Amino acid sequence: MGALDIAWNVRNGITSAVDIVEEHLAAIDAREGEIHAFNLVLADEARLRAAEIDEMVQKGDDPGPLAGVPVALKDNLCTRGIATTCSSKILGDWKPPYDATVVTRLRDAGAIAIGKTNLDEFAMGSSTENSAFGATRNPHDTSRVPGGSSGGSAAAVAAGFAPISLGSDTGGSIRQPAALCGTVGVKPTYGAVSRLGLIAFGSSLDQVGPFATDVADAAVTLEAISGHDPGDSTSIERAPLELRAKLEMGAAAVRVGRITDLPAGAGPDVQERLDEAFDALAAAGAEIVDVEVPAFTYGLTAYYLIAPAEASSNLARFDGVRFGSRVTAPDTNQMYMATRSDGFGAEVKRRIMLGTYALSAGYQEAYYGRAQKVRRLIANDFSAAYEQCDVLLTPTSPTVAFEVGAKTSDPLAMYLCDTYTIPSNLSGDPAMSVPFGTGADGLPVGVQVLAPALQEATMFRVAAELERSQA
């Protein structure tokens, strides 16, 4: 059952939340050993929360739109009194003293946290192979990666461990693993969902969003976590998103943009699915419009200056003094060096060094400053394109899931996995990946739907039509 079906059954006393939790814990027991989606399974906590939900139902109270629905949480979202590691040695078993706003909102909606999911360390990666606790495997083929950095969250949904999960998306870290694992994955408009309690990677890029088995479940989850949060200075002062009411409207008269100058790189199997997606929308009454987004091709270059620069600043707090692990040394400076050298993995060190260089005296304007100007060009080009269309359609990932270890020795090859997802992080606009058929070796392919800022309703409307076209 999906999230909406579970919630309806629990709220109406047809199924107990306790039974739902036990079913999902049994699924985790059966396959978690081969997939490693979780850093921590919250079995006892989930059972207690399920009993509370059932008691509310018995009293005639409404637990919320996600009543009794198990949810997997990416392990960079703070959970009060529960270890939050970012899949890094440097945080050890740090237990935050508060919940992230999105965690609180899911609980208020009746959802039940069932575990903390594995990720690329500090959300830096595209394969979930950079975790200090070992790689996550793709449930469709365990010799393949699930994508990243939110690979554990994507794998948890794809394997049936939870019908919904949360991830974070800084350059594609929800959408790319959603494509590789065959789930729906959503990056909302920057500021539409609170970042309070999300451990920062790139503060001007990070967004929290859902994974789900279908578009409707993603919609109800995003509705639950969206809306203004006064504790987040970047939160937009707007009411929660309203999405489900538009899902049945179809794509008639929607203008769908096809980017004619899109960067090359998508495999023929992925390109075929994209072409079929355009055909499906045209058959549903959408108008296909050719548009140009010239600066799209510069997204990868700008991102790998801006994101590491912000990471260099954000990760400076992890020094072994206030929290996390510490390596003993004769003096403070040596302790800093030893702690960070031991605590951070290779990819995190690579990005910290790159970001520190980009911000250093004499180079900041040449690198970071110019990258910010390119970012503005990308946003302007998207705005111009959206004057001609309501949404854009692109591949999500250039390829289907690749084999574990295939790209770990070539960082550039790994970075190219995010070619099509990064630009919307730079512009701040929403985007989502929808499963659309299969490609090489029968593995899932995702199509990406992009929309202007705060136009998630139209984006979901198109995504729902793509989903229906495959029924």
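This is a predicted model: local features need pLDDT of at least 70, side-chain atom pairs count only at pLDDT 80 or more; totals for chains, interfaces and linings use all residues.

Phe 122 is not a glycine, yet its phi is positive, at about 50 degrees. You will find Phe 122 in the loop between S3 and H5.

Now move to the loop between strand S2 (70–74) and H4, where Ser 87 is found. Ser 87 is a residue other than glycine with a positive phi, near 55 degrees. At 0% relative accessibility, Ser 87 counts as buried.

From here, turn to helix H4 itself. How do the axes of H4 and H7 cross? The axes of H4 (residues 101–108) and H7 (residues 215–225) come within 8 Å and cross at roughly 115 degrees, so H4 is roughly perpendicular to H7. Their crossing is right-handed. On the H4 side, Val 102, Arg 105 and Leu 106 make the contact, and on the H7 side Thr 221, Ala 224 and Ile 225 do. These contact residues comprise four nonpolar, one polar and one charged.

Finally, the cysteines: how many disulfides does a search of the whole structure find? The search finds zero. For Cys 417, the nearest cysteine sulfur belongs to Cys 181 and is 13 Å away, whereas a disulfide needs the sulfurs within 2.5 Å. Cys 417 counts as buried at 4% relative accessibility, and Cys 389 counts as buried at 1%.

Technical notes: Residues are numbered from 1 along each chain as its sequence is written. Side-chain values use heavy atoms; hydrogens and water are left out. Buried means under 20% relative accessible area, exposed over 50%, partly exposed in between (1.4 Å probe, protein chains only). Axes are lines fitted to C-alpha atoms, for helices over the stretch in contact, and angles run from 0 to 180 degrees between N-to-C directions. Helices (H or I, at least four residues) and strands (E, at least two) are DSSP runs, numbered from the N terminus. Angles under 35 degrees count as roughly parallel, over 145 as roughly antiparallel, 65 to 115 as roughly perpendicular and the rest as oblique. A crossing is left-handed if the near helix is turned anticlockwise from the far one by less than a right angle, and right-handed if clockwise. Contact means heavy atoms within 4.5 Å. Ala, Val, Leu, Ile, Met, Phe, Trp, Tyr, Cys and Pro count as nonpolar, Asp, Glu, Lys and Arg as charged, and the others, Gly among them, as polar.
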